[in-house]
Amino acid sequence: MSEMSMNTASGADGAAAQPQLREVPAVRMEAVYKHYGDFTALNEVDLKVARGEKIVVCGPSGSGKSTLIRCINHIEKHDEGLIYVNGIELDHQRKNIDAVRRDTGMVFQSFNLFPHMTVLENCILAPMTVSGMSEAEAKDLAMHFLTKVRIPDQAEKFPGQLSGGQQQRVAIARALCMRPKIMLFDEPTSALDPEMVKEVLETMKKLAEEGMTMLCVTHEMGFAREVADRIVFMNEGKVVEQAAPEEFFKNPKSERARTFLDQIIH
Amino acid sequence: MSHFSPTAAVNYFFNYFLMKGVLVTIGLTVAAVIGGLILGMGIALMRMSSNPVLSGFSRFYIWFFRGTPLLIQLVVIYSGLPQLGIKFSVITCALVGLILNEAAYLAEIVRSGFMAVSAGQREAAWALSLSPWVTFRRVTLPQAFRLMIPPLGNSINSLLKATSLASVISVEELMRRSDMLMQEHFQILEVYAAATAYYLILTSVWDAVQRRLEKHFGRSNAAKTRRVAASAPVAQAGVGARA
């Protein structure tokens, strides 16, 4: 089945009222399952993300949000179902996995910067070894993105010398150096001290304004309200509901979403 | 009558015959470390493999060589194997024994080093689509190596002294040549004082080298301690964060 016919077939998908015709969606998941032993982390998940769309995935802990976005770049292997990223099928074949990973950037809760490399070295490693850039080109590129996340002056420092917020911004810059089409954020502010959350969210907002396709697992509902085109609410491995933020926060359809929102919005 | 002649001890220390024994000791140690590291790395990779045959073999290897005395291993290789028609030169016997034995210890050190690198590091490498080789060479190995240096240092220190066991199979290293001098001149304390001094010098030099290595590979970590608060969640968060 072609991507185009898939697109035209489903108009009522999420908040975007108009189906984006003739465009391959950034992400398409169909009946995706993921099990850890007896535990079902993803239970028949369907999701479609249009290019340029900003999705916030939320839900109680253990609901499968992280697993969902970790399946998109195959850091987690899905067990059943179909996942297409920019039209490339994630079928566990090496070349397809590599192609998808080159199209996606990921930011982790625990930053996962390489601690034995300077900030600059963290940023140029992939451009040099994967994209085959020269060191000078890669450094220019890295400085461009480090400037964008507002820490060009920290380029020669080691991650351990930076604050959590700075480290996470480096992680964003490092991912951007591979010029991804889709950015995946896995609770990017959950490990941060409260006063550092804002600088990371601001960086993400800037990225959103530039039209980056984003999937973000976060509990930052203010960010969701302001930036997201659509909220995807998960519970027990299922996508329970998806709606535009104003709709989702004003009248959540499911009982579970209502109790969830009661818990997290004080 | 009791006497100890410091002059004789000093003379033995500068004895050309003994010095050549020191060179053999150094050579045995260096060769055993290099051979042991290469073999140990292979054993460690097998141990971490999901293939039950490979990991089973590796487990058996480590169990066997760590569970038997090096002295028996050397004697079996030197005097026992010829019974089966397998014969090596004396020095080869010593090297085979030392390498086989050292590899078992180093394999465990290598394995623990790699296991201590958080899963998040590998995930970050995957997410950046780094190749498996680049991930190993640039991401996991340097971090694992830094963690391996202290136990590696201990193991090499032990190995340096364990080379003296090769004297039993007539390798003319420092210990054997001391014995030979002692039997010739009967100045027991004087000869062994010189040998002891050499062992102390060698282990001290190695200590200094190890400290340099730790300092070199720990430079990013030294930076980290200046900001413990900022980096504490990084070190431990690892895979635990799954929603």
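Buried residues make up 36% of the 243 residues in chain B; a residue counts as buried if 20 or more other C-beta atoms, placed from the backbone, lie within 10 Å of its own, as exposed if 12 or fewer do, and as partly exposed in between. Please note that this is a predicted model, in which local features need pLDDT of at least 70, side-chain atom pairs count only at pLDDT 80 or more, and totals for chains, interfaces and linings use all residues. Residues are numbered from 1 along each chain as its sequence is written, while chains are lettered from A and ligands numbered from 1 in the order in which they are written.

Chain B has eleven helices and zero strands, these being DSSP runs numbered from the N terminus (helices H or I, at least four residues; strands E, at least two).

I turn now to helix α8 of chain B, residues 174–185. Where do the buried residues of α8(B) lie around the axis? They are Leu174(B), Met175(B), Arg177(B), Ser178(B) and Leu181(B). Because they cover an arc of only 165° around the axis, they sit on the same side of α8(B); the arc is that of the directions from the helix axis to the C-beta atoms. The face turned away from that buried side carries the exposed residues Gln183(B) and Glu184(B).

After α8(B) comes Phe186(B), with a positive phi near 55°.

Definitions and conventions: The expected span of a helix is 1.5 Å times one less than its number of residues.
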